[in-house]
Amino acid sequence: MNAASHFSYWATICLMVMGLFIVMARANLIKKLVGLAIFQTSIYLLYIAPGKLIGGTAPIIADGFSVYSNPLPHVLILTAIVVGIAVLALGLALVVRIREAYDSIEEDEILAAEERQP
Amino acid sequence: MMLVTVAVLTRSRNLFAVVVLSSVYSFLMATVLVALDAVDVAMTEAAVGAGVSTVLLLGALHLCRTEEAKHAQAPWLPLAMAVVTGGVLVYGTYGLPAFSDPQAPIHQHVAARYLNDGPKETGVPNVVTAVLASYRGYDTLGETIVVFTAGIGVVALLRRRRQRSEGDR
């Protein structure tokens, strides 16, 4: 157990916490979505990094290589990326609709407008 | 470098800068993924993360305001929660195997079988493609359904708007 062996996890956690902070602290809806995307990419790193073997190569079988990185996380994350873009597209469409209904994409202004018209 | 990009992104109030920075972040992430031997994932991340999502975000910005409003109270509660979450997660990493440990459980289960028998059984040298399209074909079908549903949702949300604005005129 030394610092180098767990560095990949800690970098992932830093990104994850930053994404979480953006989602919680920022009132702007588009910025919240960007924070969500950063959170998602940190999850990609969390899955891919343990699959790497130092001295290994990408999991494409060829002569002259015997050590390959683990292909299963790659498959899972390919699916996750595509689902992530679907989530982003749907979220942005909702933001555009919210902006039309309330003329604002700031969370606090939307809540204030909601209170004014019961 | 990625951490710096994200830090600037957190501070920046101009949403256009935020979108461009998130695109830069995606490219950096793709580079890291190449270094981690995940070439297929890196290619998808560069195309989808840096390309398509930037286009989507810019499209949404075109329809919205590009400045983020300042708010009054300092975000201490979210900051504290984020730091606590990070601390708990770092504590959790002490139970995980070290980076690139060949004895880690992730390398002991089905991965070896896919790597050994995959090319023989499917005839595809790229194991990621073999698993995605052959062994887990139904998974990929389900994924397509998810994307299709999201597409229907976007069209439904944005079409009502167009009809209404035509009705206003």
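The contact between the two chains draws on 74 residues of chain A and 80 residues of chain B. Please keep in mind as you read that this is a predicted model.

Let's stay with that interface for a moment. Together, chain A and chain B bury about 7200 Å², and 76% of this area is on carbon and sulfur atoms. On the chain A side, the residues that lose the most area to chain B are A:Lys31, A:Leu78 and A:Arg97, which together make up 8% of what that side buries. Polar links across the interface can be listed briefly: two residue pairs are in polar contact, both at pLDDT 80 or more, and the count of salt bridges between chain A and chain B is zero.

Which helices of chain A build the side that touches chain B? At least two residues each come from H1, H2, H3 and helix H4 (107-116). H3(A) provides the largest share, with 24 residues. The make-up of this side by class is shown below.

| Class of residue on the side of chain A that touches chain B | Count |
|---|---|
| Nonpolar | 50 residues |
| Polar | 14 residues |

Now for the interior. In soluble globular proteins, nonpolar side chains tend to be buried together. In this model, the largest nonpolar core holds 44 residues, and A:Ile30, A:Ile48, A:Leu92, A:Val95, B:Leu33 and B:Val41 have the most contacts inside it. From chain A, helix H1 (7-25), helix H2 (29-51) and H3 each give at least two residues to this core, as do helix H2 (15-35), helix H3 (39-63), helix H5 (110-122) and helix H6 (127-135) of chain B. H3(A) gives the most, with ten residues. Another core, of five residues, lies apart from this one and includes A:Val17, A:Phe21, A:Ala25 and B:Ala82.

Not counting residues up to four places away in sequence, A:Ile30 touches A:Leu92, A:Val95 and A:Ile105 in chain A, along with B:Leu57, B:Ala60 and B:Leu61 in chain B.

Where does the model place its charged pairing? A search of the whole structure finds one salt bridge over all chains. The side chains that meet in it belong to A:Arg97 and A:Glu100, at 3.3 Å from N to O. These two residues are three apart in helix H3 (residues 71-102) of chain A, so about one helical turn separates them. A:Arg97 is buried, with a relative accessible area of 15%, while A:Glu100 is partly exposed at 28%.

A:Ser69 is another residue to look up, in the loop between H2 and H3 of chain A. Is A:Ser69 buried or exposed? A:Ser69 is buried, with a relative accessible area of 0%. Leaving aside neighbours within four places in sequence, A:Ser69 is in contact with A:Gly51, A:Lys52, A:Leu53, A:Thr57 and A:Pro59, and also with B:Leu36, B:Asp37 and B:Leu115. As for A:Leu53, this residue is 16 residues from A:Ser69 along the chain, and their C-alpha atoms are separated by 5.5 Å.

Finally, a look at chain B. Chain B has seven helices and zero strands. Of the 169 residues in chain B, 33% are buried. Among the contacts in chain B with a separation of 6 or more, 45% link residues 24 or more positions apart.

Notes: Residues are numbered from 1 along each chain as its sequence is written. Chains are lettered from A and ligands numbered from 1 in the order in which they are written. This is a predicted model: local features need pLDDT of at least 70, side-chain atom pairs count only at pLDDT 80 or more; totals for chains, interfaces and linings use all residues. Side-chain values use heavy atoms; hydrogens and water are left out. A salt bridge is a side-chain nitrogen of Lys or Arg within 4 Å of a carboxyl oxygen of Asp or Glu. Helices (H or I, at least four residues) and strands (E, at least two) are DSSP runs, numbered from the N terminus. Buried means under 20% relative accessible area, exposed over 50%, partly exposed in between (1.4 Å probe, protein chains only). A nonpolar core is a set of buried Ala, Val, Leu, Ile, Met, Phe, Trp, Tyr and Cys residues joined through side-chain atoms within 4.5 Å. Contact means heavy atoms within 4.5 Å. Buried area is the accessible area (1.4 Å probe) that two parts lose on being put together, summed over both. A polar contact is a pair of N or O atoms within 3.5 Å; within protein, one must be able to donate a hydrogen and the other to accept it, and residues adjacent in sequence count only if both atoms are side-chain atoms. Ala, Val, Leu, Ile, Met, Phe, Trp, Tyr, Cys and Pro count as nonpolar, Asp, Glu, Lys and Arg as charged, and the others, Gly among them, as polar.
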